[in-house]
Every structure is written in structure tokens, then in C-alpha cells.
Amino acid sequence: MKPEKKGLISFSAVLIAVIVAAAIIIPIVRRNSVSVYMREDLGNVDNISLIAHCSEVDGVENSVAGFKESVRLGANAVIVDLCFKKDGTPVMTDSYSEVDSAERVEALFSAMNEEKFNSACVYLNIVQLSDIAKLNSLAVEYNVVNRVFLTGIDSDRYELIGTDDTILPFLIDYTFTAEELESIKKGSFSMPEALEKAGASGLVTDYSQISNEVVETLNDYGILFIVDGIESNSDMCKALLCGANNVIVKDIKKSRETVDEWTLEMQNRYKESVDKSIKALSQKSKDR
């Protein structure tokens, strides 16, 4: 075979492979692109809460400055890690070995009362569980009981905390069993025993378990829930379209920009619809 002909056949084979790959990949990318989701309207846009992990400021991951930065970037709520000193003082850190140098939760509660931050919520992720009497007292003193929640309570800790221990609402990490998910589809779901037994206010569940049916069922039962495990803006969009209100996002700045843009597009679509209706009614009136 001549080199020219052989080269032409090789080029044709590569070209065909590229076309086939593009035919497969492009539709998948389009289906998962944020812009595709934004063509739909959100039914809960006024109640969406974007939850961010506390921003790192000056090399510190848990601080008042980090809380403020997260809110500045668009977070409605911020997750801050919680540990306790030996004397019971609650501090912001994810390591018990750093409690002596960590900022006190009291400083965080004080910041929550500043005008710029008095609508933001905080989720205190319990790293090291202790007597939380001082935490309760501080929440009352700074009047933030209705804006502070406890999280980080997995199945190993269900028995270690209850409504007798805290006046702050707490959410448990929860994974629905296959049987529970099936019961949701059949409409025979019942309140999780762990939720009732602990007296928890709600649960934290993984994005992989979220569907329209799950969200509808949790809302029907009045169960507060947070969606974790969201890896991308597309994941966030999917969760929001399923009706989830409270979502933990990785990139708060990007997520806020997406939600704001989505809201603006919805408003523009609504305005166009109203303008079109007014124009049609005006035309009808003229025709008469």
C-alpha cells in the first residue's frame, strides 16, 4: 500500500473516531451543563439557603474572619468546626490539639449580631463532643438560639446527645436504607426511628439520595434536611430542582453567582410573559 493512501486511511479513521466521540460526549455535557438546568424555573427560589464551609483566612479554616468572608461571598449559612477546652469553653477548630489557640465561639456569636451578619445562620460541626452547657448559655446570651444548629452527629453519636443536653436544634447524619427509599416511592414511608428517638430537628443526607420523591416526603413530614456531598454547580442545580432548600456547596462564590443569574433569568422570563399577555389583551381590545 502506498504511503499516501495509508496516511489517508489513518486520517479518515481518526476523523470518524472524533466525530463518534463528539456525538456521544456533547449531549452528555449539555445535559449536565448549568445553563440547561437554568432554563427551568425554581419553585423555592426565595427560600434557598446556600451553606458554605468556613472560608480560610490567613491560613486559618475556622475563625470569625472566615465566617464573615463566607457571608460576604454569598453564603446564607456557614459551617464552623466545634471543639471544647478542658473547662468546657467552646472554640472553633477541627482539632482538639489546637483548642488552646483557637478562637472562642463566643466571638462568633457576637459577630452574628453585627448588622451585616444578623441574618446568617451557623452550623456548628461537632468534632469533639463534650458537655455543651456553656454553649447553650452563650447562645441565649447572644440571642442566636434560632440561628445556630449542631451537626456532625453520625450514627455512633445518636445516643450521646438529645434534647435534654441542648437547647440548640441539632441535625443527625442519616443515610436512607434501600427499604426506606422504596417505601418513599410507594407512599408508605414512616418517620426514621433515629430521628424521633434522639429528638433531632432534622437530618443531613447525601446528594446521591436526593430525588423529587424524597424531598416531597421529607417536606410532608416537616423534616428539616440539609443536602451534603454536592461536588459541582450542576449537582447543586439538580438538588434545587428537586426542591431541596438547604444545600452545602464547595465554591460559595460560584454557587451564589449561579443562583443569582438563575433568579434573574426567571424574572426576565416572567416579565416577558407578562408583557406578552398585556400586548395580547391590548390587541384584543383594539380588535373589538
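I started with Glu69, which is partly exposed at a relative accessible area of 25% (buried is under 20%, exposed over 50%, partly exposed in between; 1.4 Å probe, protein chains only). This is a predicted model, where local features need pLDDT of at least 70, side-chain atom pairs count only at pLDDT 80 or more, and totals for chains, interfaces and linings use all residues. Residues are numbered from 1 along each chain as its sequence is written, and side-chain values use heavy atoms, with hydrogens and water left out.

**Salt bridges**

Which residue does Arg72 form a salt bridge with? I found Glu69, the closest N and O atoms being 2.9 Å apart (a salt bridge is a side-chain nitrogen of Lys or Arg within 4 Å of a carboxyl oxygen of Asp or Glu). Arg72 and Glu69 are three residues apart in helix H3, so about one helical turn separates them (helices are DSSP runs of H or I with at least four residues, strands are E runs of at least two, numbered from the N terminus). Arg72 is exposed at 59% relative accessibility.

I then looked at Lys250, which pairs with Glu231 in a salt bridge whose closest N and O atoms are 2.6 Å apart. This pair links distant parts of the chain, 19 residues apart: Lys250 is in the loop between strand E9 (246-249) and H10, and Glu231 is in the loop between strand E8 (224-228) and helix H9 (233-241). Lys250 is exposed, with a relative accessible area of 63%.

In helix H10 I noted Glu257 and Lys253, four residues apart and therefore separated by about one helical turn. Their salt bridge has its closest N and O atoms 2.9 Å apart. Glu257 is partly exposed at 43%, and Lys253 is partly exposed at 43% too.

I also logged a network of salt bridges linking Asp41, Glu265 and Arg269. My search of the whole structure gave eight salt bridges.

**Surface patches**

Which residues gather in a patch of negative charge on the surface? I have Glu56, Glu61, Asp94 and Glu98. A patch takes residues with over 30% relative accessible area and no salt bridge, joining like charges within 9 Å and nonpolar side chains (Val, Leu, Ile, Met, Phe, Trp, Tyr) within 5 Å. Glu98 is in the loop between strand E3 (90-92) and helix H4 (105-111), and is partly exposed at 41%.

Tyr270, Val274 and Ile278 make a nonpolar surface patch of about 310 Å², with areas from the Shrake-Rupley method and a 1.4 Å probe. I placed Ile278 in helix H10 (residues 252-287), where it is exposed at 52%.

**Cysteines**

How many disulfides does the structure hold? I count zero (a disulfide needs a pair of cysteine sulfur atoms within 2.5 Å).

**Positive phi**

Asp58 is not a glycine, yet I read a positive phi of about 55 degrees there. Asp58 is in the loop between strand E1 (49-53) and helix H3 (64-72), exposed at 78%. Asn143, also not a glycine, has a positive phi of about 55 degrees. I found Asn143 in the loop between helix H5 (133-141) and strand E5 (148-153), and Asn143 is exposed at 60%.

Key: Lys and Arg count as positive and Asp and Glu as negative; His and the chain ends are not counted. The place of a charge is taken as NZ of Lys, CZ of Arg, CG of Asp or CD of Glu.
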